[in-house]
Amino acid sequence: MSERLKVGILGGTGMVGQRFISLLDNHPWFEVTTIAASQRSAGKTYEEAVGGRWKMDTPMPEAVKSIIVKNVNEVENVAADVDFVFSAVDMTKDEIKAIEEAYAKTETPVVSNNSAHRWTPDVPMVVPEVNPEHMEIIKYQKKRLGTTRGFVAVKPNCSIQAYAPALTAWKEFEPYEVVASTYQAISGAGKTFADWPEMEHNIIPYIGGEEAKSEKEPLRIWGHIDEAKGEIVPATSPIITCQCVRVPVLNGHTASVYVKFRKKATKEQLVNALKNFSGKPQELNLPSAPKPFIQYLEEDDRPQVTLDVDYENGMGVSVGRLREDTIYDWKFIGLAHNTVRGAAGGAVLCAELLKAEGYITKK
């Protein structure tokens with residue numbers, strides 16, 4: 001156990017913080033030793049601070065129940081006892097940017113679930129199978145921050161996980177125009193049906209800020225590092241337009257996607273590209289890496305949330321209903337677990353990659 005890295009969870013009492021704690025229970029590389037939250041939770045045990053608000057399907061891990069919650073704003077105090085932190089704080093974007101950089105400046109790496117730093121030019125926003133090379137931007141960020149080991153890395157929006165990996169797998173066929181509609185679970189808003197009873201038997205055709213993220217963030221993960229400027233330059237293609245709808249599902253974001261390609265492809269070629277797609281996490285055999293990353297389901301009524309959301313412990317992506325289209329070239333349905341692959345799990349996989357590549361070490 002002493003060989004494991006000591007991890008802090010910033011914002012540990014919220015839904016994503018709880019997911020981090022659940023996923024890290026008995027993790028082979030990481031051990032949660034510190035939990036920080038708002039001042040109202042500080043000084044309580046984690047079990048007391050969460051109270052009846054534990055939202056995971058599995059019980060609260062015994063190892064964290066008696067941890068005394070610290071005040072997340074007491075940066076030096078929280079950072080003193082950890083090798084790195086996961087961030088799931090609930091603050092304004094400006095406050096998140098400031099506090100994550102404050103932790104980084106204590107020489108504590110920050111792996112964030114938040115959106116605040118996703119467009120900071122020298123902060124890597126990474127899906128580990130898609131753009132692991134973007135971690136190389138960290139050297140420029142460290143120069144800006146004046147740090148030797150402290151930095152911020154982020155994972156992208158939860159909804160793009162249902163379709164961006166498939167489009168990446170099809171890169172050789174040059175997708176250039178995409179229409180995506182995402183049907184997003186209520187846990188994406190940090191809610192359960194007990195918290196949000198009006199979502200039962202209901203659909204809300206609006207999620208604030210989500211469509212812009214869904215259209216633009218894939219272009220950043222497909223971008224490249226401009227070494228002269230020390231920043232990530234987003235790709236310009238494919239053009240993506242998106243609608244995002246909240247649906248009465250607890251976990252799992254589904255996407256209905258239409259694609260135009262510059263190069264012709266057969267269904268067999270597209271399916272094989274999905275099945276054979278893998279990346280650094282699989283190559284390095286990282287603990288949370290799904291094997292394989294993407295499954296293709298032949299049945300007409302798949303993927304389904306109830307059957308497929310937990311594929312590869314929620315870290316895999318499910319694709320089905322790949323068909324030729326009368327206006328676009330092809331259309332398909334994608335599904336990903338929004339609080340595992342799309343949130344905490346994706347950040348854990350990023351941290352595993354950062355550790356494997358020497359960016360995160362013991363202090």
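**Pockets and a buried strand**

Visitor: How much space lies in the largest pocket?
Guide: This is a predicted model. Its largest pocket is lined by 45 residues. The space in that pocket is about 1,200 Å³.

Visitor: Which helix supplies the largest share of the lining of the largest pocket?
Guide: Helix 1 (15-24), helix 5 (93-104), helix 8 (210-221) and helix 12 (340-356) each give at least two residues. The largest share is four residues. That share comes from helix 1.

Visitor: How many residues of the lining of the largest pocket are charged?
Guide: Asp90 is among the residues nearest the centre, along with Val16, Ala88, Val89 and Gly190. Over the lining, 13 residues are nonpolar and 20 are polar. The charged ones number 12.

Visitor: What volume has the second largest pocket?
Guide: Its lining counts 28 residues, with Arg19, Leu23, Asn313, Gly314 and Val340 nearest the centre. Helix 1, helix 11 (305-308) and helix 12 each supply at least two of the lining residues. The volume is about 590 Å³.

Visitor: Is strand 14 mostly covered or exposed?
Guide: Side chains in a regular strand alternate between the two faces of the sheet. In strand 14, Trp330, Phe332, Gly334 and Ala336 point one way, and Lys331, Ile333 and Leu335 the other. Seven of its seven residues are buried. Strand 14 is mostly covered.

Visitor: Which residue in strand 14 is the bridge partner of Ser256?
Guide: Strand 11 (residues 253-261) runs antiparallel to strand 14, joined by seven bridges. Ser256 has its bridge partner in strand 14. The partner is Ile333.

How values were computed:
Residues numbered from 1 in each chain as written. Predicted model: local features only at pLDDT ≥ 70, side-chain atom pairs only at ≥ 80, totals over all residues. Heavy atoms only, no water. 1 Å grid on protein atoms, 1.4 Å probe; cavity = no way out; pocket = protein on both sides within 12 Å on 5 of 7 lines; lining within 4 Å. Points joined across faces, edges and corners; volume = space filled by probe spheres on them. Nonpolar A, V, L, I, M, F, W, Y, C, P; charged D, E, K, R; others polar. Buried < 20%, exposed > 50% of the residue type's maximum accessible area, 1.4 Å probe, protein only. Pairing = 2+ DSSP bridges.
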